[in-house]
Amino acid sequence: QVQLVESGGGLVQAGGSLRLSCAASGRTFSTYAMGWFRQAPGKEREFVAAITWSGGSTVYADSVKGRFTISRDNAKNTVYLQMDSLKIEDTALYSCATQMYRGSQYKYWGQGTQVTVSS
């Protein structure tokens with residue numbers, strides 16, 4: 001079991017920045033990668049970014065490339081999502097999740113943290 005707790009969400013004006021955190025506990029040593037996802041009201045959940053736990057390889061959705069940066073601190077079992085140049089369309093509930101093996105579905109999910117971008 002892996003437990004995930006997100007934090008750092010809030011209300012920000014367009015063009016501003018936020019940094020989300022995802023603290024993991026439990027069987028984190030067996031985690032292959034961590035990912036961030038988001039879901040806006042009335043929309044499907046979408047992938048935002050992911051990072052491998054050991055090598056730090058990253059991948060981003062096209063919609064956030066160049067604006068968001070995912071990073072990890074293995075010592076703290078924490079993954080971060082630095083969000084810059086925020087747009088109104090970035091408004092969503094952001095959740096982190098763990099991928100236990102390469103290519104597997106994300107298995108453990110946090111409760112999410114709300115990000116609201118205003119004009």
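A charge is taken to sit over a ring if NZ of Lys or CZ of Arg is within 6 Å of the ring centre and within 35 degrees of the ring normal. In this predicted model, the charged end of Arg45 sits over the ring of Trp109, 3.8 Å from its centre, and Trp109 in turn belongs to an aromatic cluster together with Phe37, Phe47 and Tyr106.

**Aromatic pairs**

- The structure contains four aromatic pairs, one of which joins Phe37 and Tyr106 in an edge-to-face arrangement, with 4.9 Å from centre to centre and 80° between the planes.
- Because Phe37 belongs to strand S4 (residues 33-39) and Tyr106 to strand S10 (residues 106-109), this pair ties together parts that are 69 residues apart in sequence, and both Phe37 and Tyr106 are buried.
- The rings of Phe37 and Trp109 have centres 4.8 Å apart and planes at 55°, so this pair is tilted; it links distant parts of the chain, with Phe37 in strand S4 and Trp109 in strand S10, 72 residues apart.
- Phe37 has a relative accessible area of 9% and is therefore buried, whereas Trp109, with a relative accessible area of 28%, is partly exposed.

**Surroundings of Ser21**

- Ser21 is part of strand S3 (residues 18-26), and its relative accessibility of 15% means that it counts as buried.
- When its neighbours within four places in sequence are set aside, Ser21 is in contact with Val5, Glu6, Ser7, Trp36, Thr78, Val79 and Tyr80.

Key. Residues numbered from 1 in each chain as written. Predicted model: local features only at pLDDT ≥ 70, side-chain atom pairs only at ≥ 80, totals over all residues. Heavy atoms only, no water. Helix = DSSP H or I, 4+ residues; strand = E, 2+ residues; numbered from the N terminus. Buried < 20%, exposed > 50% of the residue type's maximum accessible area, 1.4 Å probe, protein only. Contact = heavy atoms within 4.5 Å. Phe/Tyr/Trp six-rings, centres within 6.5 Å; stacked < 30°, edge-to-face > 60°.
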